[in-house]
Amino acid sequence: MYIDNDMQNFYYVRSENTEETISFIENEIGLPVMSFGYTSGPDTDTSIILYSKSALENIQILTSKGENIDLDKDYGDQVPCLITSKLAKRYNVGESQEIKTEDGEGIGDFYICGVIKNDCLFSPNYGFDYDTDCIIAYDPNGLIEKNANYMEFYAINASGVDDFSETYSEYISSNAFQSFEYYYKARNELERDIIMPYIMLTITFIALSITGLISYTVLSLESAKRLIGIQYLCGAKLWQLLFVFLIKNVVICILPMIISVPVINAMRGSDLSQTTLISWRGYLVASALCFLGLIISSVLHMIRINRHRVIETLKSL
């Protein structure tokens, strides 16, 4: 999204006198100022971002369902909007929806135009962001009720101005214009160094662990039966047999984890590390499922190991 929308030429507009700065940009530089307003949504997790007309004209938003907001269409007393994946489970595309806050206060009547692809959207915070609980709305007539914490951010697309950074270096050095390039790189480093290693660890860890457990079960079943019988003859108790199985499973799972480390290091520098959509929660859930499978495997072995079965095993030796 960053490259497709030419965001390397986007700048934040920040100044103590915002109106004066916006007037200078539009009249002297000749660029439209994109505005983004933040207000509360139907719950604490959901935010509504109000895009100005110039923002929608400068930013290409991809949709996985429905259509984009039509700037030439008259939506009447409804606010056209786009939603992300979680909200798509609550609201139907192509239908109108009255949205209220958790306190029951009306925000406005929205028309759901479409669903944003991959939950990837433009955000004044990073230049782009991943948000499953977000509404992007176009409200030129001021129909939306804004809460007390309403905030506005501004940006410009300087791709149409030659040598913008050199010509307006004074404004850039004073932070009136701040490039998105810095925030883009910072976000990529966050994904590459923090998020991506966890997801690659999880994928490799689970895949190799499951393969190891299946191979161990299939290839060594008869050998395990004989071993159980010998251990039982030597006076081993059931809890001791269970403990041995548990240790074996732990070792089988840890070895792929060690193998995963060089794989992760290789993936951190790849293009895939720049496009991950998964968060640290995915790592925790996947790890929990993996160790749950480990526990279940050990419990099943415990169920199979009882005095009657051990005696039958000994008879078959």
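A polar contact is a pair of N or O atoms within 3.5 Å, where, within protein, one must be able to donate a hydrogen and the other to accept it. In this predicted model, the side chains of Thr39 and Asn147 are joined by such a contact at 3.0 Å. Thr39 belongs to strand β2, which spans residues 34-40. Its relative accessibility is 6%, so Thr39 counts as buried, the cut-off being under 20%. Leaving aside residues up to four places away in sequence, Thr39 touches Ser47, Ile48, Ile144, Glu145, Lys146, Asn147 and Tyr150.

The protein has ten helices and twelve strands, and 39% of its 317 residues count as buried. Among contacts between residues at least 6 apart in sequence, 76% join residues at least 24 apart. The exposed surface comes to about 17,800 Å², of which carbon and sulfur atoms supply 55%.

Next comes the nonpolar interior. In soluble globular proteins, nonpolar side chains tend to be buried together. Here the largest nonpolar core holds 25 residues, and Phe36, Tyr51, Ile59, Ile61 and Phe122 touch the most other members. Two or more residues of this core come from each of β1 (10-13), β2, β3 (47-51), α2 (53-58), β7 (106-116) and β10 (134-137).

Charged pairs complete the picture. Side chains of opposite charge can pair when their charged atoms come close. A search of the whole structure finds two salt bridges. One is formed by Asp43 and Arg90, with the closest N and O atoms 3.1 Å apart. Asp43 sits in the loop between β2 and β3, and Arg90 in the loop between α3 (85-88) and β6 (96-100), so this pair ties together parts 47 residues apart in sequence. Asp43 counts as buried at 19% relative accessibility, whereas Arg90 is partly exposed at 44%.

The other salt bridge brings together the side chains of Asp133 and Lys86, at 4.0 Å from N to O. Asp133 lies in the loop between β9 (129-130) and β10, and Lys86 in helix α3, 47 residues apart. Asp133 is buried, with a relative accessible area of 13%, while Lys86 is partly exposed at 45%.

Finally, a word on the backbone: Asp163, a residue other than glycine, has a positive phi, near 55 degrees. Asp163 lies in the loop between β11 (151-157) and α4 (164-167) and is exposed, with a relative accessible area of 54%.

Key
Residues numbered from 1 in each chain as written. Predicted model: local features only at pLDDT ≥ 70, side-chain atom pairs only at ≥ 80, totals over all residues. Heavy atoms only, no water. Helix = DSSP H or I, 4+ residues; strand = E, 2+ residues; numbered from the N terminus. Buried < 20%, exposed > 50% of the residue type's maximum accessible area, 1.4 Å probe, protein only. Contact = heavy atoms within 4.5 Å. Core = buried A, V, L, I, M, F, W, Y, C linked by side-chain atoms within 4.5 Å. Areas by Shrake-Rupley, 256 points an atom, 1.4 Å probe, with all protein chains shown as cover.
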